[in-house]
Amino acid sequence: MPDDSAPPAHGSPAQAPSGSATAAKDPAAPASGPSRKPAPARGVRGAVLARLPGLALAVSIAAVATGLGRLVPVVGGPVTGIVLGVLVAVAVRPGAVLRPGIAFAGRGVLQAAVVVLGAQLSLGRILTVGLGSLPVMLVTLAACLAAASWLGRRLGIVRDLRTLIGAGTGICGASAIAAVTPVIGAAEAEVAYAVSTIFVFNVAAVLVFPALGHLLHMSQHAYGLFAGTAVNDMSSVVAAATTYGGPAANHAVVVKLARTLLIIPVCLGLAALARRRAAAAAGSAGAGSAGAGRSEARRVRVGRLIPWFLAGFIALAAINTAGLVPHAAHRPLSTLAGFLITVALSAIGLSTEPATLRRTGPAPLLLGGLLWGVVSVTSLATQYLLGHL
């Protein structure tokens with residue numbers, strides 16, 4: 001398991017296609033080989049300049065995707081961005097000049113987006129509504145993660161992909177996938193498949209849930225809790241709840257924001273598991289190196305268990321809770337977070353190999369459907385047992 005601050009060890013667009021060690025370590029290094037002069041690519045200025053072309057392409061695609069997403073809110077900008085990115089990658093395969101910027105957008109911008117998401121959270125307001133919805137949130141999350149692990153293994157889905165689908169379904173869709181991706185070092189193809197899978201069942205929820213709510217004669221409060229715990233991305237939560245009524249929408253949004261906080265313990269748990277696997281892998285090299293590996297793993301767990309972007313997420317949420325983020329800035333920051341996620345997913349789309357998605361097969365989509373059912377049924381059953389229905 002690579003360090004949280006390093007690019008993913010597999011599937012990274014910064015990885016040299018020919019296995020060049022220089023290209024793998026330095027995304028700004030030329031891909032053509034050591035014969036070129038390395039000086040222009042060295043230093044902060046060189047790295048920034050090397051990333052500009054690819055980053056500009058990702059931003060341009062994200063701008064188009066954001067506009068299209070506003071026309072079709074159920075789809076949204078992030079999903080549109082990843083689709084457009086894949087289409088561009090298929091039509092015109094990005095060359096070596098674009099790869100450093102695409103790699104940075106797919107990882108660095110993704111981490112920055114997670115930090116900005118914290119500005120949407122007011123811990124005080126969330127505690128008021130969140131405490132009442134906490135049992136439903138925790139039960140649905142536990143059921144989803146357990147089902148993702150058990151069903152994913154039986155469907156033959158690789159660990160990182162089933163983790164992404166489980167986190168996206170159980171917490172908050174693309175935002176959770178964005179937070180989990182750098183923690184586990186997931187490949188771009190896995191991220192693309194997970195986001196696409198989550199999107200399919202978000203659309204299904206928007207179409208099915210309001211009718212189900214009326215069929216079950218759910219109150220506005222109960223339906224808001226249901227939508228906030230069983231639908232993933234915020235845009236889909238708003239769409240599914242607004243159709244049912246204004247009070248349901250208001251309650252669903254707050255529940256959804258409270259549910260977003262579950263990113264923190266999940267990422268911490270995944271980071272701890274990743275460190276443990278890394279220590280175990282180091283231990284297999286030999287008794288002497290194993291002791292050193294375990295010692296180093298202990299030091300890392302103490303000092304660097306929380307990734308920087310997750311620490312930033314918590315800090316910004318705390319700052320917002322203290323009232324230091326002006327209320328007028330909430331909407332622009334929310335828009336910025338959405339756009340940064342769209343930029344990152346556009347870059348991931350640009351990095352995706354369609355052949356890899358084809359080789360993955362339909363199993364992840366089946367897992368997404370099963371998890372959607374698990375979360376929906378668990379949310380309704382928990383509310384019933386607690387007397388909310």
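Ser379 is found in helix 17. In this predicted model, Ser379 is buried, with a relative accessible area of 0%. Ser379 and Met137 lie 242 residues apart in sequence, yet their C-alpha atoms are 7.7 Å apart in space. The protein chain as a whole has 17 helices and zero strands.

**Helix 17: Ser379 and Thr378**

- Beyond its neighbours within four places in sequence, Ser379 is in contact with Val136, Thr140, Phe226, Thr229 and Ala230.
- Thr378 also lies in helix 17, which covers residues 363-385.
- Thr378 has a relative accessible area of 15%, so it counts as buried, the cut-off being under 20%.
- Leaving aside residues within four places in sequence, Thr378 is in contact with Val139, Thr140 and Ala143.

**Whole chain**

- Of the 389 residues in the protein chain, 48% are buried.
- Take the contacts between residues at least 6 apart in sequence: 81% of them join residues at least 24 apart.

- Helix 4 spans residues 99-117 and has 19 residues.
- From first C-alpha to last, helix 4 reaches 26 Å, close to the 27 Å expected at 1.5 Å a residue.
- Helix 4 bends by about 35° at Ala105.
- The helix is mostly covered, with 16 of its 19 residues buried.
- Ala105 has 0% relative accessibility and therefore counts as buried.
- The C-alpha atoms of Ala105 and Ala347 are separated by 5.9 Å, although the two residues are 242 apart along the chain.
- Not counting residues up to four places away in sequence, Ala105 touches Leu55, Ala58, Leu110, Val343, Ala344 and Ala347.

**Helix 9 against helix 11**

- The axes of helix 9 (residues 220-230) and helix 11 (residues 246-260) come within 7 Å.
- They cross at roughly 35°, and the crossing is right-handed.
- On helix 9, the contact is made by Gln220, His221, Tyr223, Gly224, Leu225, Ala227, Gly228, Thr229 and Ala230.
- On helix 11, it is made by Gly246, Pro247, Ala248, His251, Ala252, Val255, Lys256 and Arg259.
- These contact residues divide into eight nonpolar, seven polar and two charged.

- His217 sits in the loop between helix 8 (188-215) and helix 9.
- His217 has a positive phi of about 55° although it is not a glycine.
- Most residues other than glycine have a negative phi.
- His217 has a relative accessible area of 71%, so it is exposed, the cut-off being over 50%.

**Helix 12**

- Helix 12 covers residues 263-283, a run of 21 residues.
- Its end C-alpha atoms are 30 Å apart, which agrees with the 30 Å that its residues should span at 1.5 Å a residue.
- The buried residues of helix 12 are Ile263, Ile264, Val266, Cys267, Leu270, Ala271, Ala274, Arg275 and Ala279.
- An α-helix has 3.6 residues a turn, so residues three or four places apart point the same way.
- Buried positions in helix 12 include Cys267, Leu270, Ala271 and Ala274.

Terms used
Residues are numbered from 1 along each chain as its sequence is written. This is a predicted model: local features need pLDDT of at least 70, side-chain atom pairs count only at pLDDT 80 or more; totals for chains, interfaces and linings use all residues. Side-chain values use heavy atoms; hydrogens and water are left out. Axes are lines fitted to C-alpha atoms, for helices over the stretch in contact, and angles run from 0 to 180 degrees between N-to-C directions. Helices (H or I, at least four residues) and strands (E, at least two) are DSSP runs, numbered from the N terminus. A crossing is left-handed if the near helix is turned anticlockwise from the far one by less than a right angle, and right-handed if clockwise. Contact means heavy atoms within 4.5 Å. Ala, Val, Leu, Ile, Met, Phe, Trp, Tyr, Cys and Pro count as nonpolar, Asp, Glu, Lys and Arg as charged, and the others, Gly among them, as polar. The expected span of a helix is 1.5 Å times one less than its number of residues. The bend at a residue is the angle between axes fitted to the seven residues ending there and the seven starting there. Buried means under 20% relative accessible area, exposed over 50%, partly exposed in between (1.4 Å probe, protein chains only).
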